[in-house]
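Please prepare a briefing on the structure shown below for a reader who is meeting it here, with the points grouped by topic.

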Amino acid sequence: MASTRGFLSLLTGSFATPAAENPTVAMVEAAYGHHGLDARYLNCDVAPDALGDAVRGARAMGWVGFNCSIPHKVAVIVHLDGLADSATVIGAVNCAVLRDGRYVGENTDGQGFLASLRTVADPAGRSLVVLGAGGAARAIAVEAALAGASPITIVNRGEARSRELVELLQARTPADARLVLWDRTLTVPPDADILVNATSVGLFPDVDARLDLDHESLRPGMVVADVIPNPPHTRLLRDAQARGCTVLDGLGMLVAQGAIGIRHWTGVDPDQGVMRRTLEEIFGA
């Protein structure tokens with residue numbers, strides 16, 4: 001009797017460089033396996049001058065979508081066919097989705113952060129302080145602003161990038177945005193409800209690095225979040241927990257944005273517990 005089984009897997013993946021330390025492949029493929037999906041996620045190290053070739057290759061092979069990480073989140077836009085609304089405002093893409101034969105750019109970083117944040121607090125009407133003004137900070141600030149967070153204070157050492165983000169928030173979102181230059185030890189504003197570290201301070205292997213802020217200004221009840229997934233329990237979160245703050249680790253954001261990507265590509269709402277446990281095993285959390 002002839003077999004009715006198909007042998008063409010759904011293809012997804014990631015384009016970045018360096019790519020070897022990106023654990024997304026393990027998290028996504030754990031979800032695919034858990035849900036019995038005949039799908040693959042290929043982690044690809046793609047140099048900047050080869051990004052166009054990589055996207056064209058994905059088209060040729062019928063990939064249903066892919067992630068983009070550093071340094072491709074802005075450069076990939078010219079190789080796509082359109083952008084989702086929030087990705088247009090953010091000006092960066094970390095997830096491409098095949099829709100009606102067209103690659104549409106999404107930014108799931110900020111959406112993933114909001115999904116994680118909402119497990120402990122609704123951002124609407126809350127005062128948000130974001131440390132940093134890079135890609136993660138930009139995505140988080142824009143999505144939080146669109147979700148009703150205000151005021152939003154951007155704290156960063158470089159003025160030009162910070163001012164650009166503040167002006168973007170003022171022009172394209174309902175939020176009141178403010179700029180604080182990080183030229184001395186930071187005292188967290190007393191009206192801050194949510195503090196987010198969107199810098200790389202504390203990332204493995206420099207796990208004992210400490211942000212230049214007055215930890216006495218971390219108040220009990222404040223939500224303190226870190227985007228760093230490795231280690232999950234950063235120095236900032238340990239300090240904040242000791243001060244009575246509610247803390248959110250970077251695994252929550254990483255898992256949530258990965259789950260959003262899987263929904264875009266497959267239509268399946270994945271089990272985030274499976275995804276998180278996979279990462280916890282990798283990081284020894």
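## Overview of the predicted model

Six strands form an open sheet in the order E2-E1-E3-E5-E6-E4, with mixed pairing, where strands (E, at least two residues) and helices (H or I, at least four) are DSSP runs numbered from the N terminus, and two strands pair if DSSP finds at least two bridges between them. Another open sheet of six strands has the order E9-E8-E7-E10-E11-E12, with parallel pairing. This is a predicted model, in which local features need pLDDT of at least 70 and side-chain atom pairs count only at pLDDT 80 or more, while totals for chains, interfaces and linings use all residues. Residues are numbered from 1 along each chain as its sequence is written, and side-chain values use heavy atoms, with hydrogens and water left out.

**The sheet with mixed pairing**

- Strand E3 (residues 65-68) and strand E5 (residues 95-99) run antiparallel and are joined by three bridges, and Asn67 stands opposite Cys95 in E5.
- Helix H2 (residues 51-61) lies across strand E1 (10-16), E3 and strand E6 (102-106), running at about 175° to E1; such angles run from 0 to 180 degrees between N-to-C directions, with axes fitted as lines to C-alpha atoms, for helices over the stretch in contact.
- Helix H8 (residues 250-266) also packs on this sheet, where it touches E1, E2, E3, E5 and E6, and its direction makes about 15° with that of E5; contact here means heavy atoms within 4.5 Å.

**The sheet with parallel pairing**

- In the sheet with the order E9-E8-E7-E10-E11-E12, strand E9 (177-181) and strand E12 (246-248) stand at the edges, each with a single partner strand, so one side of each is left without a neighbour in the sheet.
- Neighbouring strands of this sheet are turned by 20° against each other on average, direction ignored.
- E7 and E8 run parallel and are joined by four bridges, and Val129 stands opposite Thr153 in E8.

**Nonpolar cores**

- The largest nonpolar core has 35 residues, and those with the most contacts inside it are Phe113, Leu117, Ile152, Ile154, Leu169 and Val196; a nonpolar core is a set of buried Ala, Val, Leu, Ile, Met, Phe, Trp, Tyr and Cys residues joined through side-chain atoms within 4.5 Å, and buried means under 20% relative accessible area, exposed over 50% and partly exposed in between, with a 1.4 Å probe and protein chains only.
- Two or more residues of this core come from each of helix H3 (85-90), helix H4 (108-117), strand E7 (128-131), helix H5 (135-146), strand E8 (152-156), helix H6 (159-172), E10 and E11, and the largest share, seven residues, comes from H5.
- Leaving aside its neighbours within four places in sequence, Phe113 is in contact with Ile140, Val196, Ala225 and Met253.
- A second, separate core of 18 residues includes Met27, Ala31, Cys95 and Leu279.

**Helix H7**

- The buried residues of helix H7 (residues 235-242) are Leu236, Leu237, Asp239 and Ala240.
- Seen down the axis of H7, these buried residues fall within an arc of 160°, so they line one face of the helix; the arc is that of the directions from the helix axis to the C-beta atoms.
- Gln241 and Ala242 are exposed residues on the face of H7 turned away from its buried side, whereas E10, E11 and E12 are among what covers the buried residues.
- Gly244, which follows H7, has a positive phi near 90°.

**Two buried loop residues**

- His215 lies in the loop between strand E10 (194-197) and strand E11 (223-226), and it is buried, with a relative accessible area of 14%.
- The side chain of His215 makes a polar contact with the side chain of Asp239 at 3.1 Å; a polar contact is a pair of N or O atoms within 3.5 Å, and within protein one must be able to donate a hydrogen and the other to accept it, while residues adjacent in sequence count only if both atoms are side-chain atoms.
- Val227 is in the loop between E11 and H7, and at 17% relative accessibility Val227 counts as buried.
- Not counting residues up to four places away in sequence, Val227 touches Ile140, Val196, Asn197, Ala198, Thr199, Gly250 and Met253.
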